[in-house]
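I wanted to go through the aromatic rings in this structure. My notes follow, in the order I looked things up.

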Amino acid sequence: YGSSSWRNWVFDEEAARPFYKKAVETGINFFDTSDFYSKGASEEVTGRALRDFANRDEIVVATKVFFEAGPGPNMKGLGRKHIVQACEASLRRLGMDRIDLYYIHRWDDGVPLDESLEALHDLVKAGKVLYLGASSGPAWVMAKALSTSERNGWARFVAMQTVREPALSEERAKIGERMHELRTRQMRDAEQLKARRIDHHRAFREVRAVTEHAAETGGMPAA
């Protein structure tokens with residue numbers, strides 16, 4: 001949905017609105033668009049329709065960043081400047097104060113991964129984005145991104161949108177396995193940290209008991 005002047009199979013706003021209305025009425029609560037679709041018109045159409053037909057707090061709105069949004073080297077890709085500018089522009093077009101799920105539409109080989117991930121993390125910390133996702137990329141890049149974010153304490157990708165082709169089913173499986181492994185490791189690390197905290201508390205109580213006994217008897221207890 002957006003503008004048929006971009007692609008002849010795209011529905012213009014008037015034709016698209018009944019579909020949004022029916023979607024909300026039947027319980028659909030996830031709406032996915034991109035700043036690339038119809039050169040941003042898709043976000044505008046989506047934002048207006050959802051304001052009219054949906055309760056903002058009950059729906060999840062996703063959009064994407066990467067593809068060219070205008071002329072010039074800073075109007076595309078995953079450099080910090082473009083990520084921040086693109087997010088602000090998407091919020092204006094959607095008419096919203098936050099993006100629930102912000103996808104990178106593609107990986108950017110021309111920008112250091114750390115720069116892209118930290119810029120996305122900063123959007124989350126600023127409250128402009130709630131969750132991060134990635135789209136159409138190899139499993140090894142996703143694994144590297146998750147590891148980098150985990151190591152730096154940055155917001156991590158929680159969703160992956162892959163190309164729906166049978167040839168890529170193995171890639172999707174690898175990504176799913178990797179994300180499951182990382183989640184399992186996080187849960188295991190949390191349990192180990194909890195156990196260490198319990199051990200520290202027990203040691204503290206034992207030291208305190210020895211100290212109190214020494215104070216009462218005037219010396220350390222006999223071995």
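I began with the rule for ring pairs: rings of Phe, Tyr and Trp (its six-membered ring) pair if their centres lie within 6.5 Å, and planes under 30 degrees apart count as stacked, over 60 as edge-to-face and the rest as tilted. The model is predicted, so I noted its limits: local features need pLDDT of at least 70, side-chain atom pairs count only at pLDDT 80 or more, and totals for chains, interfaces and linings use all residues. Side-chain values use heavy atoms, without hydrogens and water, and residues are numbered from 1 along each chain as its sequence is written.

I counted 12 aromatic pairs by this rule. I looked up Tyr1 with Phe11, a tilted pair: 6.0 Å centre to centre, 40° between the planes. Both residues lie in the segment before α1 (13-25), so the pair ties together parts that are 10 residues apart in sequence. Helices (H or I, at least four residues) and strands (E, at least two) are DSSP runs, numbered from the N terminus.

Next I checked accessibility. Buried means under 20% relative accessible area, exposed over 50%, partly exposed in between (1.4 Å probe, protein chains only). Tyr1 is partly exposed at 38%, and Phe11 is partly exposed at 37%.

Then I turned to Trp6 and Trp9. Their pair is edge-to-face, at 6.4 Å centre to centre and 65° between the planes. Trp6 is buried at 17%, whereas Trp9 is exposed at 59%.

Which cluster do ring pairs link Trp6 and Trp9 into? I found Trp6, Trp9, Phe36, Tyr37, Phe66 and Phe67 in it.

Last, I looked for a charge over a ring (NZ of Lys or CZ of Arg within 6 Å of the ring centre and within 35 degrees of the ring normal). The charged end of Arg7 sits over the Trp6 ring, 4.0 Å from its centre.
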